[in-house]
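Keep the sequence and the 3D view open.

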Amino acid sequence: MPWGPNQCDKIKNFDEAMAKKIEANNIVFAVHIPMNNKEMSPWFQFMLVILQFDIAFKMYNQIDDGALVTIDVGLAYRDDTLAEWTEMAHSIEQRKLNCNFTTAKTFENEGRYYECDLLPFMEVGSVAHKYYLLNIRLPVNERKKVNVGIGEIKDIRLVGIHQNGGFTKVWFAMKTFLTPSILIIMIWYWRRITLMSRPPVLLEKVILALGISMTFINIPVEWFSVGFNWTWMLLFGDIRQGIFYSMLLSFWIIFCGEHLMDQTERNRFSVYWKQVGPIVFGSFCLFIFDMCERGVQLTNPFYSIWASDVGTELAMAFIIVAGICACLYFLFLCFMVFQVFRNISGKRTSLPAMSKARRLHYEGLIFRFKFLMLVTLTCAAMTVIFFIISQVNEGHWHWGDHTVQVNSAFFTGIYGMWNLYVFAIMFLYAPSHKRYGDDQSSGQCITGDMGANSGEDIQLTTTITHVDGPTEVYKMTGKEAQE
């Protein structure tokens with residue numbers, strides 16, 4: 001312990017240790033999380049710790065190229081200031097030093113510090129305990145070249161990062177409110193589909209699947225993380241978001257494809273395997289990448305894929321390729337929407353030749369659909385931007401000086417936008433409950449469930465009431481109404 005009743009014997013610096021003939025293997029860097037007189041809380045959700053070395057320049061003890069620091073580290077916890085510490089994890093890790101000395105390497109500049117990059121150190125998926133203790137040793141073994149050529153380390157700095165407790169409460173409340181909203185509209189939507197005499201078409205099935213994936217990401221299982229020590233919640237959250245991403249991207253492809261109005265026979269999932277296949281494959285690759293880091297961290301919180309050269313290159317490549325693929329997807333979606341708009345414009349040329357009722361019916365459909373397509377594109381653009389920024393943000397400690405900040409307003413805004421979009425899609429694409437009868441009275445249309453032959457797949461009636469004139473009724477029956 002660095003302080004308190006049972007604190008360790010302290011030394012101010014390594015010069016004092018050398019004077020007392022204390023070996024490097026017996027020196028421990030002790031860090032208590034949080035600071036004195038404070039407590040950690042389960043509302044913090046996770047704990048990320050970043051490491052930085054203070055290394056002084058010495059002419060006869062310089063940092064070697066590609067120097068590796070071997071760290072013997074242990075993590076313990078307790079929930080009472082008088083209780084004994086319980087070890088949570090222990091590991092021997094290696095981190096590569098990436099340090100620059102900005103001035104000339106001369107005797108006059110001895111004692112100045114190197115500028116060293118921040119190093120990923122630890123990530124814990126839950127903060128179930130009040131107090132944490134880190135013990136770090138830098139063991140030296142000259143024969144095995146362990147911690148040799150790493151310069152003169154003066155001190156170790158740790159930066160702890162966790163989620164704001166206030167934001168966590170807002171986030172949980174949002175999920176708790178939105179879950180029943182989407183669930184109710186989804187049940188209502190599917191009930192409307194099942195009431196129809198025909199079987200559901202592909203687009204209707206995909207809209208239901210989108211609603212299910214939105215409900216899955218909405219369910220506020222995070223409430224349990226406040227009471228239970230579930231370290232896998234970060235990984236579970238990534239998996240849920242990944243499923244929703246792949247479902248949303250696939251939905252947009254099918255949604256545009258089903259409205260192309262070309263000669264291709266659609267309404268079959270197999271038609272879209274060339275577009276949906278790469279989305280599923282990309283999502284699977286991101287899942288494997290996530291398992292390589294957060295999956296391993298379930299047993300060893302000190303593991304980081306960024307710790308090795310190969311891991312860093314692989315992680316950087318994944319983030320860059322994912323960003324490029326997201327941009328290419330958006331361009332492809334824009335191309336599909338352009339095709340849809342072009343085909344609609346071609347169909348509009350035949351509108352004047354139609355009967356007035358049919359023309360008004362189609363013009364209303366076209367306007368609503370164009371508006372929905374533009375909303376879809378806006379939603380897709382925001383989603384792609386959010387995906388790229390969140391990928392960069394997760395690895396922003398490893399990008400040097402370039403950092404990207406994602407504030408809570410943007411995070412909750414995108415989440416709210418997804419829910420609103422899915423709600424609107426299910427609401428607008430649910431079949432109408434109105435059934436039009438055959439009887440008319442004084443030019444008025446009777447809209448009750450009257451007559452055995454009434455049904456939306458048999459007859460379509462359009463009623464137009466003029467401000468200063470009579471009511472006009474236009475009817476379509478048979479095949480024309482079905483189209």
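**Cores, helices and a sheet**

Q: Which residues have the most contacts inside the largest nonpolar core?
A: A nonpolar core is a set of buried Ala, Val, Leu, Ile, Met, Phe, Trp, Tyr and Cys residues joined through side-chain atoms within 4.5 Å. Buried means under 20% relative accessible area, exposed over 50%, partly exposed in between (1.4 Å probe, protein chains only). The largest such core has 60 residues, and those with the most contacts inside it are Ile207, Met214, Phe251, Trp252, Phe255, Trp418 and Met426.

This is a predicted model: local features need pLDDT of at least 70, side-chain atom pairs count only at pLDDT 80 or more, and totals for chains, interfaces and linings use all residues. Residues are numbered from 1 along each chain as its sequence is written, and side-chain values use heavy atoms, without hydrogens and water.

Q: Which element gives the most to the largest nonpolar core?
A: Helices (H or I, at least four residues) and strands (E, at least two) are DSSP runs, numbered from the N terminus. Elements giving two or more residues to this core include H2, helix H3 (202-218), H8 and helix H9 (408-429). The most, 11 residues, comes from H5.

Q: Which residues does Thr376 contact, leaving aside its neighbours within four places in sequence?
A: Thr376 lies in helix H8. It counts as buried because its relative accessibility is 0%. Contact means heavy atoms within 4.5 Å. With those neighbours left aside, the partners of Thr376 are Trp252, Phe255 and Tyr421.

Q: Is Ile366 buried or exposed?
A: Ile366 also has its place in helix H8 (residues 356-394). Beyond its neighbours within four places in sequence, Ile366 touches Ile344, Arg348 and Leu351. Its relative accessibility is 11%, so Ile366 counts as buried.

Q: Which residue caps the N-terminal end of H2?
A: Helix H2 (residues 165-194) has 30 residues. The cap uses a side-chain oxygen that lies 2.7 Å from the backbone nitrogen of Gly166. That oxygen belongs to Asn164.

Q: Which strands stand at the edges of the open sheet of four strands?
A: Two strands pair if DSSP finds at least two bridges between them. The order is S1-S8-S3-S4, with antiparallel pairing. Each edge strand has a single partner strand, so one side is left without a neighbour in the sheet; these are S1 (29-33) and S4 (86-96).

Q: In S8, which residue is the bridge partner of His32?
A: S1 and strand S8 (residues 131-137) pair in the antiparallel sense over five bridges. In S8, His32 has as its bridge partner Leu133.

Methods. The expected span of a helix is 1.5 Å times one less than its number of residues. A polar contact is a pair of N or O atoms within 3.5 Å; within protein, one must be able to donate a hydrogen and the other to accept it, and residues adjacent in sequence count only if both atoms are side-chain atoms.
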